[in-house]
Amino acid sequence: MSDRVPADATPAEPAAERPGPLGPRPSFPAPLLESLAQDHLDPGYQRAADRRRTGGAPARVSGSWLLAGTVVIGLLLGVAFQTTRANSAGVDEARLGLLGDVSRAQADASVLEASVVALNDELRSVQAAAGGGALASLTALEQMNALLAVTGPGLRISLNDPEAATGNGAVLDRDIQLLVNGLWSAGAEAVAIGGVRLRSTSAIRQAGGAILVDNRPVLWPMTIEAIGDPATFQQRFVSTPGFGRFSSFEQLYDVDFEVSPVGDVSLPAAAAVDARYVEQPTATTTAEATTVPESGTAGTGTTTPTS
């Protein structure tokens with residue numbers, strides 16, 4: 001049997017691809033590089049060129065739709081502008097109201113503070129007229145708790161952080177604490193920061209870019225005044241860590257730091273301590289606390305164990 005194919009025979013169609021053991025073989029698109037080599041024109045440009053060749057007009061947006069879209073966008077922008085303008089007026093009004101409240105509160109606080117000072121002066125006058133040893137003890141206790149205005153020789157420290165107003169200042173509350181602790185260690189007997197007298201419970205904190213002393217804001221530039229022995233006060237203060245830190249701030253961050261001796265420094269009295277929990281012990285409690293246990297009775301740590 002011959003294997004030759006007749007000349008007029010039609011070529012045989014390619015045989016259908018047989019499914020493999022895992023099913024029909026998937027068809028993949030032409031590789032990207034081959035597509036780029038064969039199609040030199042973007043499909044969108046190709047369609048535009050075909051349309052221009054056949055005389056077809058490009059699709060155009062209707063003028064009415066364009067006008068309607070412009071009107072809608074204009075209305076939205078107008079509504080947004082009116083809303084922003086109305087809110088801005090309300091914000092300004094609220095801000096002015098808050099500023100007025102703060103001003104009235106500060107005025108009331110100043111009046112009350114002046115009243116406290118006047119009453120304290122009147123009280124001291126009455127106490128001086130009464131006389132006696134108890135008055136001297138009371139005066140000493142008030143001086144120890146910074147409840148009396150004092151005067152004497154000391155130091156005046158001028159501080160100014162140029163970046164404090166922007167909230168990026170170099171001086172923090174712990175730096176002021178270190179400086180004040182240096183004054184105490186150098187022998188200061190009374191210290192005031194920005195006119196706020198420090199007492200045993202005073203705290204120096206920071207809220208944003210503001211320094212709070214006893215919850216009262218102290219504005220920049222800041223002045224710290226202290227009373228101490230004029231012979232040794234400044235000499236001992238320059239050797240403290242606080243003085244060294246601010247000397248470094250002066251060189252690195254352009255912080256103004258100036259210490260000058262002053263012959264007469266006047267410091268105001270601190271605010272009275274708001275005692276909410278302490279009470280004066282009663283006579284019975286005091287007697288029980290001072291009773292000494294008799295020999296041989298059970299005591300609290302004073303009885304010697306017998307062998």
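How many bridges join E4 to strand E5? In this predicted model, the count is four, and E4 and E5, the latter spanning residues 210-213, run antiparallel. One of the pairs to look for links Ala-207 to its bridge partner in E5, Ala-210.

E4 and E5 belong to an open sheet of three strands, ordered E4-E5-E6, with antiparallel pairing. Strand E4 (204-207) and strand E6 (216-218) stand at the edges, and each has a single partner strand, so one side of each is left without a neighbour in the sheet. As you step from one strand to the next, the twist averages 40°. Now bring in helix H5, residues 173-185, which packs on this sheet and touches both E4 and E5. If you compare directions, that of H5 makes about 160° with that of E4.

Next, turn to strand E7, which covers residues 222-227. Is this strand mostly covered or mostly exposed? It is mostly covered, with five of the six residues of E7 buried.

E7 also gives us two pairings to follow. Strand E1, residues 150-160, pairs with E7 in the antiparallel sense over six bridges. Within this pairing, you can find Leu-159 with Met-222 of E7 as its bridge partner. Strand E2, residues 190-193, is likewise joined to E7, here by four bridges, and these two strands run antiparallel.

Definitions and conventions. Residues are numbered from 1 along each chain as its sequence is written. This is a predicted model: local features need pLDDT of at least 70, side-chain atom pairs count only at pLDDT 80 or more; totals for chains, interfaces and linings use all residues. Side-chain values use heavy atoms; hydrogens and water are left out. Two strands pair if DSSP finds at least two bridges between them. Axes are lines fitted to C-alpha atoms, for helices over the stretch in contact, and angles run from 0 to 180 degrees between N-to-C directions. Contact means heavy atoms within 4.5 Å. Buried means under 20% relative accessible area, exposed over 50%, partly exposed in between (1.4 Å probe, protein chains only).
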